[in-house]
Amino acid sequence: MESLVGCPDCGRELPGDRRYAVWCQHCSWNLDAPPVEASREVERESKLADALISGRTPGPERSVGAFLLSLPVLLVPLPSLLGGLALLGFYRPLLFAAPFAAILFVITAIFRPRLNRLPGNAQAVTRQQAPQLYDVLDRLAGQTGTAKLESVVVTTDTRIAIDRIGWRYRRVLRLGLPARAVLNPQERYAVLAHAMYDDQRGMHDRVLGAAEHILDELAATVQPGALDSAGNGKLKSSEGVVVLVGQGSDDQVLHSRLVQIADAVLGPPIRGYRRLLRRLDLSGRQRREYRIDRRIAELVGSEPTARSLERLLLADTGYRALERAIRRGPISDPLDVLRRTAAEIPDHELVRVIRLDQAENGRTDADHPRTWQRTRLLRANPTPTTSVFAPSKDDELTAAARAAVRDYD
């Protein structure tokens, strides 16, 4: 910390720290919050949160319409697969059928539901290595009504969640070191409980997830990218200077035109279908997440639950510090740098990232409501903070954490 500086707008004293942005909590000077226009989706989410705060719980948590709308999308890879098999089985000569069948199989592979895979530097943590952590997870499994976890891995990213990995759909808890470092033991317990509840997904959620993946791939396929454009060779004026926009080859121009035609014809219905699917499922999905937040608040208290959501916004700061320390090589221990950085983040930096996240309507991912709406709902219905048997030992994960850092690419 350096000497206090004065706010040029309101004159209040501001703490000066070269590691973090200097800003004013009173007049928001130097907050640098980008202007974000309120969309219909944000307005709908706000109305839903207001209804839940007032005690009303309108509508179900599962949308039958969204489920039925997802089923036809799952059939998109099927015609390509059947077409490829038919070409190989019935069309002759095989020399001509094989290339076209290969193209159809590639299309099938592109739009198939993906299998989750762990990062390359993920390091497994056994029960013998971390008995306290597994004890906490077993207690949480009993409290949340889920099966016990058999696999835990440590990673260098910012994700703390349970993933279904591989063809066997294994339940694996991913512990991101930067996210874990910025949380205290009570907040870690809340985050682990949320991961347990989030893992309770049935056929409805899996079908919708697969359909959204296929629609996203279709939209990305028809949308022109940087490699799908070619200049038209026309003269254009830029700041009073006439320049010639270069034209690509005939093949590039033809490819660019075909992509533009595909986007004009297929892009609007694909994007409209995706928006309709998400709109139908939006309210139910968010009610589900709000209910999970309330259940976690009953376990640990509403304030620790809300603080865990806010503290996770600092995970990117920890990740950047860890990455810089790894890049420097043997000059400093990356894990010590990460712990020190997490412990020294000042309160005014936490307040800054919370306000920025609220201004940008940020959220953890597409499945969760806006973070500031979740914390608002938790604090509007307070529950007392309870003492929990939280995972507090860091030395249990030291060996796996060092291995993950060593394998960082």
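Q: Does Ser302 count as buried or exposed?
A: Ser302 counts as buried, with a relative accessibility of 4%, where buried means under 20% relative accessible area, exposed means over 50%, and partly exposed is in between, using a 1.4 Å probe and protein chains only. Bear in mind that this is a predicted model, in which local features need pLDDT of at least 70 and side-chain atom pairs count only at pLDDT 80 or more, while totals for chains, interfaces and linings use all residues. Residues are numbered from 1 along each chain as its sequence is written, and side-chain values use heavy atoms, with hydrogens and water left out.

Q: Where does Ser302 lie, and what is it in contact with?
A: Ser302 lies in helix H10; helices (H or I, at least four residues) and strands (E, at least two) are DSSP runs numbered from the N terminus. Apart from neighbours within four places in sequence, Ser302 is in contact (heavy atoms within 4.5 Å) with Ala297, Leu378, Asn381, Pro382 and Thr383.

Q: At what angle do H10 and H7 pack?
A: Helix H7 (residues 185-198) and helix H10 (residues 302-311) pack at about 85 degrees, with their axes 9 Å apart. The axes are lines fitted to C-alpha atoms, for helices over the stretch in contact, and angles run from 0 to 180 degrees between N-to-C directions. H7 and H10 are therefore roughly perpendicular to each other, given that angles of 65 to 115 degrees count as roughly perpendicular, under 35 as roughly parallel, over 145 as roughly antiparallel and the rest as oblique.

Q: Which residues in H7 and H10 meet?
A: From H7 there are Gln186, Glu187, Ala190 and Val191, and these meet Pro304, Thr305, Arg307, Ser308 and Arg311 in H10. The residues of this contact divide into three nonpolar, three polar and three charged, where Ala, Val, Leu, Ile, Met, Phe, Trp, Tyr, Cys and Pro count as nonpolar, Asp, Glu, Lys and Arg as charged, and the others, Gly among them, as polar.

Q: Switching to the largest nonpolar core, which residues touch the most other members?
A: Of its 50 residues, those are Leu133, Leu137, Leu140, Val152, Leu173, Leu175 and Leu192; a nonpolar core is a set of buried Ala, Val, Leu, Ile, Met, Phe, Trp, Tyr and Cys residues joined through side-chain atoms within 4.5 Å. H7 supplies the largest share of this core, with eight residues.

Q: And what is Leu175 in contact with?
A: Leaving aside neighbours within four places in sequence, the contacts of Leu175 include Leu133, Val152, Ile160, Leu192 and Leu397. There is also a second, separate core of 13 residues, with Ala66, Val73, Leu215 and Ala219 among them.

Q: What about the phi of Asn30?
A: Asn30, likewise a residue other than glycine, has a positive phi near 65 degrees, but Asn30 is partly exposed, at 31% relative accessible area. Asn30 sits in the loop between strand E2 (13-16) and H1.

Q: Last one: how many helices and strands are there, and what share of residues counts as buried?
A: The protein chain has 15 helices and eight strands, and 43% of its 409 residues count as buried.
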